[in-house]
Amino acid sequence: MTPADLFSLHGRTAVVTGASSGLGARFAAVLAGAGATVFAAARRLDRLKELADADPRIHPVACDVSRDVDRVRLAETALTASGRFDILVNNAGAPGAVRAEDESADDFAAVLGVNLVAPFHLARLLAEADAPPGDLGGPGGPGGPGGPGDPGFAGGRCVVNVSSVLGLVSGAPMGGAAYAASKAGLVGLTRELAGQWGRSGVRVNALAPGWFRTEMTEELFADDRSRRWVERGTMLGRGGGPEELDGALLFLASDASSYCTGQVLTVDGGWTAR
């Protein structure tokens, strides 16, 4: 395979949650740009339609990932429309309160419902879907071919859980108890599902971004004091731009990472390396 072939997603079907803004919108556009048919899911359908207008490979799906019925419908929509479900990017997230004292037990549970329970359920829906024709389980799997160079190798199905550096280290005074717990939980979930599903050809990895300029972090970067805090804590001395996650996402979603599962790819400008 050529380097371009390794990162190509032509013929694949992807689902991206939380795709109406920020990193999720960027993720949907990047996967579509690599050739995938993308089902972009979020509650704000008008935002999703703007994405679809920019690229015909993107299909908007109104979805509240906190609702079981919406998650099932999302997976069924992708399967019915394309006959396959190859890539899941669990990006949708709820921030929660910053101070633990301001977060009730119900609030805590609600954040975990969006950030951890929903990704687990959607990952199960991908794993339980029929494998697409030609996907024999990947290298090492039952009856699987030798690897990406083998013409019968279809890359396997994959899940990319979007965690955070706040799931790896404390972000105090930023962050939040429920948010940090949910993102740390995603790391553990990633490793466990990778172990359980690896031999069936389903890879599960996590992407852990640092401080990126998004709708959720708009106030952080707008405030001089907190912006300087980010700059001091990163080895590169700045926050990240959305385009700086493109390569990491494509790596995890494509055949370029065919021998990578159960891993956390941290893209944080050096934040966690100190």
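## The sheet

Two strands count as paired if DSSP finds at least two bridges between them. With that in mind, look at this predicted model: seven strands form an open sheet, in the order β3-β2-β1-β4-β5-β6-β7, and their pairing is parallel. Which strands stand at the edges? They are β3 (58–62) and β7 (264–267); each has a single partner strand, so one side of each is left without a neighbour in the sheet. On average, neighbouring strands here are turned by 20° against each other, if you ignore direction.

Now zoom in on one pair. Strand β4 (residues 87–90) and strand β5 (residues 157–162) run parallel and are joined by four bridges. Within this part of the sheet, Asn 90 stands opposite Asn 161 in β5.

## Helices on the sheet

Next, find helix α2 (residues 22–33). It lies across β1 (13–17), β2 (37–42), β3, β4, β5 and β6 (202–209), and it runs at about 170° to β1. Helix α6 (residues 177–197) packs on the sheet too, touching β5, β6 and β7. The direction of α6 makes about 160° with that of β6.

On the way from β5 to α6 there's a loop, and Pro 173 is found in it. Ala 172 and Pro 173 are joined by a cis peptide bond, with omega at about 15°. For background, most peptide bonds are trans.

## The largest pocket

How much space lies in the largest pocket? About 1,200 Å³. It's lined by 44 residues, and the closest to its centre are Gly 93, Ala 94, Pro 95, Tyr 179 and Met 216.

The largest share, three residues, comes from α2. Sort the lining residues by type and you get 20 nonpolar, 17 polar and seven charged.

The protein chain averages a pLDDT of 90, and 91% of the residues score at least 70. Where does pLDDT stay under 50? That happens over residues 136–154, for which the model has 31 contacts beyond four places in sequence. Where pLDDT is low, the predicted coordinates should not be read in detail.

Terms used:
Residues numbered from 1 in each chain as written. Predicted model: local features only at pLDDT ≥ 70, side-chain atom pairs only at ≥ 80, totals over all residues. Heavy atoms only, no water. Helix = DSSP H or I, 4+ residues; strand = E, 2+ residues; numbered from the N terminus. Axes fitted to C-alpha atoms, helices over the stretch in contact; angles between N-to-C directions. Contact = heavy atoms within 4.5 Å. 1 Å grid on protein atoms, 1.4 Å probe; cavity = no way out; pocket = protein on both sides within 12 Å on 5 of 7 lines; lining within 4 Å. Points joined across faces, edges and corners; volume = space filled by probe spheres on them. Nonpolar A, V, L, I, M, F, W, Y, C, P; charged D, E, K, R; others polar. pLDDT = per-residue confidence, 0-100.
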